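Visitor: Please pick one part of this model and take me through it closely. I want its surroundings as well, in plain numbers.

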Amino acid sequence: RTPLARLRLETEMSVADPSAREHMAADIDQVNAIIDKFLDYARPDHIQLQEVSLNQVVEAAVFSLGQSEGQVINISIPADTRVMGDPVELQRVFSNLVENAQRYGRNPVTGVLQIDIAAKPMDDTVLVKLRDHGKGVPADQLAQLTQPFYRGDTSRTSATGTGLGLAIVERAVARMGGRFALANSSTGGLAAHMKLVKAPS
């Protein structure tokens with residue numbers, strides 16, 4: 001076990017008050033998540049690329065984060081879409097993007113969280129778009145969202161975040177030979193655009 005995992009176990013065993021125990025365990029989990037984000041960002045630039053099923057990676061990322069009430073995730077990826085990448089790294093990319101949308105992408109009027117994930121294979125690339133239907137981001141902040149530790153306005157930031165999620169995504173996509181950009185959708189919400197290297201047929 002890691003030191004934090006041991007500390008969490010000791011907390012659960014030694015703190016008598018259930019409410020205090022729950023809050024302390026949550027604090028430890030939060031610290032652990034922050035450390036994981038730092039480690040993700042500090043990963044070496046070189047990775048070994050291999051053929052990866054985009055369908056499986058996206059489905060695994062969505063499944064790992066779970067469904068919540070008032071949440072709809074639409075996935076539109078042609079069957080057997082394959083890209084060149086690292087499966088763990090690519091799943092982390094989609095996990096970070098979906099998690100970001102879950103935190104900040106609820107429709108400001110209805111409160112419903114809708115995330116649309118679509119992919120379109122081209123000649124030698126696969127274009128991917130992941131968007132929410134939230135408030136979006138002020139245009140002058142878009143370019144800064146992928147800077148490490150940057151925090152924009154309160155609509156898309158949180159005291160519990162590290163400011164590394166989107167920076168990790170941009171670096172990971174670049175390491176796999178792709179490109180990443182953010183834009184406000186014309187019909188509302190933030191859209192993440194990726195151009196990934198298509199696996200040879």
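Guide: Start at Leu113. Leu113 is buried, at 0% relative accessibility. Buried means under 20% relative accessible area; exposed means over 50%; partly exposed lies in between (1.4 Å probe, protein chains only). This is a predicted model, so local features need pLDDT of at least 70 and side-chain atom pairs count only at pLDDT 80 or more, while totals for chains, interfaces and linings use all residues. Residues are numbered from 1 along each chain as its sequence is written, and side-chain values use heavy atoms, with hydrogens and water left out.

Leu113 sits in strand β4. Contact means heavy atoms within 4.5 Å. Val72 is 41 residues from Leu113 along the chain, yet their C-alpha atoms are separated by 6.1 Å.

Gly105 belongs to the loop between α4 and β4. Gly105 is buried too, with a relative accessible area of 0%. Asp132 lies 27 residues away from Gly105 in sequence, and 5.2 Å away in space, C-alpha to C-alpha.

Gly105 leads on to Gly134. Gly134 is in the loop between β5 and α5. Its relative accessible area is 7%, so Gly134 is buried. Leaving aside neighbours within four places, Gly134 contacts Tyr104, Gly105, Arg106, Asn107, Pro108, Gly188 and Gly189. Gly134 and Arg103 are 31 residues apart in sequence; their C-alpha atoms are 9.9 Å apart.

Now go back to α4 and the helix it meets. The axes of α3 (residues 54–65) and α4 (residues 87–104) come within 8 Å and cross at roughly 45 degrees. Each axis is a line fitted to C-alpha atoms, for helices over the stretch in contact, and angles run from 0 to 180 degrees between N-to-C directions. That angle makes α3 oblique to α4. Under 35 degrees counts as roughly parallel, over 145 as roughly antiparallel, 65 to 115 as roughly perpendicular, and the rest as oblique. The crossing of α3 past α4 is right-handed. Right-handed means that the near helix is turned clockwise from the far one by less than a right angle; anticlockwise is left-handed.

From α3, the contact uses Leu54, Val57, Val58, Ala60, Ala61, Val62, Ser64 and Leu65. From α4 come Pro87, Leu90, Gln91, Phe94, Ser95, Val98, Glu99 and Gln102. By class, that is eleven nonpolar, four polar and one charged residues. Nonpolar covers Ala, Val, Leu, Ile, Met, Phe, Trp, Tyr, Cys and Pro; charged covers Asp, Glu, Lys and Arg; the others, Gly among them, are polar.

Take two residues of this contact. Ser95, in α4, is buried at 15% relative accessible area. Beyond its neighbours within four places, Ser95 is in contact with Ala61, Ser64 and Leu65. Ala60, in α3, is partly exposed at 26%. Ala60 and Ser95 are 35 residues apart along the chain, with C-alpha atoms 8.7 Å apart.

Next, the core. The largest nonpolar core has 37 residues, and Leu54, Leu90, Phe94, Leu97, Ile117 and Met194 touch the most other members. Such a core is a set of buried Ala, Val, Leu, Ile, Met, Phe, Trp, Tyr and Cys residues joined through side-chain atoms within 4.5 Å. Two or more residues each come from α3, α4, β4 (113–121), β5 (125–131), α5 (165–175), β6 (179–184) and β7 (190–197). The most come from α4, with six. Met194 contacts Val93, Phe94, Leu97, Val126, Leu127, Val128, Val173, Arg179 and Phe180, leaving aside neighbours within four places. In soluble globular proteins, nonpolar side chains tend to be buried together.

Finally, the whole protein. There are five helices and seven strands, in the order α-α-β-α-β-β-α-β-β-α-β-β. Of its 201 residues, 39% are buried. Among contacts with a separation of 6 or more, 69% join residues 24 or more positions apart.

Notes
Helices (H or I, at least four residues) and strands (E, at least two) are DSSP runs, numbered from the N terminus.
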